[in-house]
Amino acid sequence: MLVLGIESSCDETGIALYDSATGLLSHALHSQVAMHAEYGGVVPELASRDHIRRVVPLLRDALAQGKRSLEEVDAVAYTRGPGLAGALLVGCAFAEALALAIDKPTIPVHHLEGHLLSPLLSATPPTFPFVALLVSGGHTQLMRVTGVGEYELLGETLDDAAGEAFDKSAKLLGLPYPGGALLSKLAEAGAPGVYELPRPMLHSGDLSFSFSGLKTAVLTLVREHADDMTDTFKADAARAFQEAIVEVLVKKSLKAMKQTGLKQLVVAGGVGANRQLRATLDDEARRKRFSVFYPELEFCTDNGAMIALAGCLRLQAGTPAKAAGSFAIQPRWPLSELLR
């Protein structure tokens with residue numbers, strides 16, 4: 001089964017080909033980061049217009065890389081939501097029109113399910129069941145994953161997600177867009193233990209998260225050093241912030257492992273690329289004798305490969321494809337609607 005995947009939920013346009021027999025054949029991606037950096041954040045209208053410009057060239061690239069033709073595609077998967085309405089509409093309309101033209105069915109995919117399953121693209125993928133830590137953009141969640149479409153929510157953020165806290169704290173430190181990745185890089189130059197920031201809900205007894213208070217603590221720290229915002233201060237503050245987030249994510253993940261009795265942990269989403277998070281989890285995995293899996297770094301960001309994979313796995317699991325030509329996007333689509 002050959003599935004074409006299309007991702008356009010925010011500021012990356014991604015198109016990929018996934019073959020159920022041989023795996024990922026190709027993926028083409030365009031990031032809009034440089035365009036949005038001028039405005040300090042994603043401008044939805046500009047994002048939508050750029051998706052329109054990119055989808056056809058990226059489709060050609062993906063087909064050429066994969067050495068396949070449109071006629072060989074068995075189904076077209078696309079991101080239905082959540083995401084920016086205009087951006088989703090571009091990918092959805094393109095996918096439905098394309099599928100209609102080649103007389104093939106479509107399968108709408110939940111963006112977060114794509115992230116959740118993305119570690120299965122790795123050379124050494126996990127096997128079901130596993131615990132998943134999903135740290136993507138506005139989402140921080142722990143789930144028990146028994147199979148495709150079989151998800152049990154164990155805990156989630158009550159306010160700001162980890163990714164949001166990274167971006168907002170980066171802005172407080174005067175870092176340009178996209179701030180989260182720059183804060184992580186800056187933290188590597190910081191000294192440990194210079195500043196102590198709170199670990200929200202670390203001892204709450206459950207698997208819930210909260211990071212808005214941590215962001216507020218960074219704001220307080222910045223105000224205290226308003227006249228001394230040196231590069232050293234910024235690096236040390238970034239280090240303190242990152243250490244706080246990593247400790248909470250790791251401790252909650254370990255608690256979820258113990259609670260479920262599972263021995264595999266999957267980390268997915270943009271924050272999953274964080275080096276300190278990976279290093280700390282790897283150390284804990286060696287100490288406590290469990291396995292931890294991550295997507296390849298190129299698949300931590302939004303991409304078409306995870307959508308093609310999720311669509312293919314959904315079809316293999318028995319989710320019916322639909323006839324092309326009619327569609328609806330869901331900018332707000334709670335992952336809870338996929339939970340069993």
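Is Glu247 buried, partly exposed or exposed? I looked up its relative accessible area and found 25%, so Glu247 counts as partly exposed. I note here that I am working with a predicted model.

**Entry: the partner of Glu247**

I then asked what the side chain of Glu247 meets. The search gave me Arg199, in a salt bridge of 2.8 Å from N to O. Glu247 sits in helix H8 (residues 231-260), while Arg199 belongs to the loop between helix H6 (179-187) and H7, so I noted a link between distant parts of the chain, 48 residues apart.

I looked at Asp206 next, and its side chain meets that of Lys252 in a salt bridge with 3.6 Å from N to O. Asp206 is in the loop between H6 and H7 and Lys252 is in helix H8, so this pair ties together parts that lie 46 residues apart in sequence. I checked the accessibility of both ends. Asp206 is partly exposed at 33% relative accessible area, whereas Lys252 counts as buried at 2%.

**Entry: Lys215 and Asp160**

How many salt bridges are found in a search of the whole structure? I got 15. One more that I wrote down joins Lys215 and Asp160, with the closest N and O atoms 3.3 Å apart. Lys215 is in helix H7 (residues 212-224) and Asp160 in the loop between S8 and helix H5 (162-172), so the bridge ties together parts that are 55 residues apart in sequence. Lys215 is partly exposed, with 22% relative accessibility. Asp160 has a relative accessible area of 10%, under the 20% cut-off, so Asp160 is buried.

**Entry: the open sheet**

I moved on to the strands. Five of them form an open sheet with mixed pairing, and I wrote the order as S8-S7-S6-S9-S10. At the edges I found strand S8 (150-156) and strand S10 (291-293), each of which pairs on one side only. Ignoring direction, neighbouring strands of this sheet are turned by 25° against each other on average.

Strand S7 (residues 139-147) pairs with S8 in the antiparallel sense, over six bridges. Here Arg144 stands opposite Glu152 in S8. S7 also runs antiparallel to S6, and seven bridges join the two. In that pairing, Phe130 stands opposite Val145 in S7. The hairpin of S6 and S7 has two residues between the strands, and in it I found Gly137 with a positive phi near 50°. On to strand S9 (residues 264-268): S9 runs parallel to S6, with four bridges between them. Val131 has Leu265 as its bridge partner in S9.

**Entry: how covered is S6?**

How many residues of strand S6 (residues 130-136) are buried? I counted through the strand and got seven of its seven, so my note reads "mostly covered". I then sorted the residues by side, with a reminder to myself that in a regular strand the side chains alternate between the two faces of the sheet. Phe130, Ala132, Leu134 and Ser136 are on one side of S6, with Val131, Leu133 and Val135 on the other. All of these are buried, and both faces of S6 are covered.

**Entry: the second largest pocket**

I looked up the volume of the second largest pocket and found about 180 Å³. It is lined by 13 residues, and the closest to its centre are Pro108, Arg314, Thr319, Trp333 and Leu338. Which element gives the most to this lining? Strand S5 (residues 106-110) does, with five residues. Sorted by class, I have six nonpolar, three polar and four charged residues in the lining.

I finished with Ala85, which has its place in helix H3 (residues 85-101). Its relative accessible area is 39%, so I put Ala85 down as partly exposed.

Key. Residues are numbered from 1 along each chain as its sequence is written. This is a predicted model: local features need pLDDT of at least 70, side-chain atom pairs count only at pLDDT 80 or more; totals for chains, interfaces and linings use all residues. Side-chain values use heavy atoms; hydrogens and water are left out. Two strands pair if DSSP finds at least two bridges between them. Axes are lines fitted to C-alpha atoms, for helices over the stretch in contact, and angles run from 0 to 180 degrees between N-to-C directions. A salt bridge is a side-chain nitrogen of Lys or Arg within 4 Å of a carboxyl oxygen of Asp or Glu. Buried means under 20% relative accessible area, exposed over 50%, partly exposed in between (1.4 Å probe, protein chains only). On a 1 Å grid over the protein atoms alone, a cavity is a set of points where a 1.4 Å probe fits but cannot get out, and a pocket is an open set with protein on both sides within 12 Å along at least five of seven lines; lining residues have an atom within 4 Å of a point. Grid points are joined across faces, edges and corners, and a volume is the space filled by probe spheres set on the points. Ala, Val, Leu, Ile, Met, Phe, Trp, Tyr, Cys and Pro count as nonpolar, Asp, Glu, Lys and Arg as charged, and the others, Gly among them, as polar.
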